[in-house]
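Please examine the sequence and the structure shown below.

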Amino acid sequence: MVTGLTAAALVAVGVLAYQAAATAPPERGGPRAGVSPAPGPARTPRDERHPDALPARSGTGERVVYSVGDDRVWLVGDGDRVRRTFRVTPSTVDPAPGTYAVTSRSNRVTGSDGVPIEHVVRFTSVDGVVIGFSAAVDGSTARPGRGVRTGGIRETRADGEAMWDFATIGQKVVVVR
């Protein structure tokens, strides 16, 4: 009888430990999956005469560059040649500046705001909010309501399709201010 109670107690402790580990926040200060924060100036230097020019210090090679300060994206190909640049509507939760990689994609889903979206390209999360690019199926790019925590960076449908074609799993995403 004592053996049975001891075994049951060990199982219960094991289950509780697993649940605690599964729901615990990531360690503070430790590395986070998919991100390499880049310390630097509050805002990445820009060519003020050409606001759609690729920001300085935004990496090298093929990549997506997202400026949270300018609400703009650049799709950069081989030789640091800009293939496409476009404005976006930001989410209410911004990713930290740094280098990420595309971690998942979905052709069509419902966004966290309840809007049907397509060409979803995800690259990180912040405090449980998944961050990624998407286009609303109805073509809307309205800003999310106040107090709503969303991570969807909205593009037009045409820009969303270009992002979908360019940003496959593992593609580098550089976030600048």
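Lying across rests on contact, that is, heavy atoms within 4.5 Å; the axes are lines fitted to C-alpha atoms, for helices over the stretch in contact, with angles from 0 to 180 degrees between N-to-C directions. Helices (H or I, at least four residues) and strands (E, at least two) are DSSP runs numbered from the N terminus.

The model is predicted: local features need pLDDT of at least 70 and side-chain atom pairs count only at pLDDT 80 or more, whereas totals for chains, interfaces and linings use all residues. Residues are numbered from 1 along each chain as its sequence is written, and side-chain values use heavy atoms, with hydrogens and water left out.

Two strands pair if DSSP finds at least two bridges between them.

| Strand pair | Bridges | Residues opposite each other |
|---|---|---|
| β7 and β8, antiparallel | 7 bridges | Ile117 and Ala136 |
| β5 and β10, antiparallel | 4 bridges | Ala101 and Lys172 |

Strand β5 (residues 98-101) has a covered face with Gly98 and Tyr100, while Thr99 and Ala101 make up the uncovered face.

**Nonpolar cores**

A nonpolar core is a set of buried Ala, Val, Leu, Ile, Met, Phe, Trp, Tyr and Cys residues joined through side-chain atoms within 4.5 Å. Buried means under 20% relative accessible area, exposed over 50%, and partly exposed in between (1.4 Å probe, protein chains only). The largest such core has 24 residues, and Val64, Val73, Phe133 and Met163 have the most contacts inside it. At least two of its residues come from each of β2 (63-67), β3 (72-76), β7 (116-126), β8 (129-136), α2 (157-166) and β10 (172-176). The most is given by α2, with 4 residues. Apart from this core lies another, of 5 residues, including Val65, Trp74, Val174 and Val176.

Which residues are in contact with methionine 163, leaving aside its neighbours within four places in sequence? They are Val64, Val73, Leu75, Phe86, Val121, Phe133 and Glu155. In soluble globular proteins, nonpolar side chains tend to be buried together.

**Two aspartates with positive phi**

Most residues other than glycine have a negative phi. Aspartate 71, although not a glycine, has a positive phi of about 50°, and lies in the loop between β2 and β3. Aspartate 127 likewise has a positive phi of about 50°; this residue is found in the loop between β7 and β8. Is each of them buried or exposed? Aspartate 71 counts as buried because its relative accessibility is 12%. Aspartate 127 is exposed, with a relative accessible area of 70%.

**The chain as a whole**

The secondary structure comes to 2 helices and 10 strands, which follow the pattern α-β-β-β-β-β-β-β-β-β-α-β along the sequence. Of the 177 residues in the chain, 37% are buried. Among contacts between residues at least 6 apart in sequence, 52% join residues at least 24 apart. The chain exposes about 10,200 Å², of which carbon and sulfur atoms supply 55%; accessible areas come from the Shrake-Rupley method with a 1.4 Å probe, and for residues only the protein chains shown count as cover.
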